[in-house]
Amino acid sequence: MPEKDSEDSFYYLNAYQDDITPGQKMTILHNISFNDWRAGPHIAPLVTLTREEVT
């Protein structure tokens, strides 16, 4: 089910395909999507950083 961090958040976390079969298998599949028009102010400052700085 899609989750949001807050009402003004720019991203959604979809974690609807998780599954577990006890003793055999666990599947964890999460997708993060975002609204372009709301993400700009949050993501723009990150594009000038190196990988190490972002991490």
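What is the relative accessible area of Tyr16, and is Tyr16 buried, exposed or partly exposed?

Reply: Tyr16 is partly exposed, because its relative accessible area is 49%. The classes are buried (under 20% relative accessible area), exposed (over 50%) and partly exposed in between, using a 1.4 Å probe and protein chains only.

A word on the model first. It is predicted, so local features need pLDDT of at least 70 and side-chain atom pairs count only at pLDDT 80 or more, while totals for chains, interfaces and linings use all residues. Residues are numbered from 1 along each chain as its sequence is written, and side-chain values use heavy atoms, with hydrogens and water left out.

Now the place. Tyr16 sits in a loop, with strand S2 (11–14) on one side and strand S3 (19–21) on the other. Helices (H or I, at least four residues) and strands (E, at least two) are DSSP runs, numbered from the N terminus. Leu29 is 13 residues from Tyr16 along the chain. Their C-alpha atoms are 7.7 Å apart.

Next, Met26. This residue belongs to strand S4. Met26 is exposed, because its relative accessible area is 58%. Leaving out residues up to four places away in sequence, Met26 touches Asp19 and Ile20; contact means heavy atoms within 4.5 Å.

Ser9 gives another view. Ser9 lies in the loop between S1 and S2. Ser9 counts as buried, because its relative accessibility is 7%. From Ser9 to Arg38 is 29 residues in sequence, yet 7.8 Å in space, C-alpha to C-alpha.

Now the whole. The protein has 55 residues, and 7% of them are buried. It holds 2 helices and 5 strands. From the N terminus, the order is β-β-β-β-β-α-α. Of the contacts with a separation of 6 or more, 18% join residues 24 or more positions apart. The protein exposes about 4,900 Å², with 57% of that supplied by carbon and sulfur atoms. Areas come from the Shrake-Rupley method with a 1.4 Å probe.

Last, confidence. The mean pLDDT is 78, and 85% of residues reach 70 or more; pLDDT is the predictor's confidence in each residue, from 0 to 100. Among the elements, strand S4 (residues 25–27) has the highest mean pLDDT, 94. Strand S1 (residues 2–4) has the lowest, 47.
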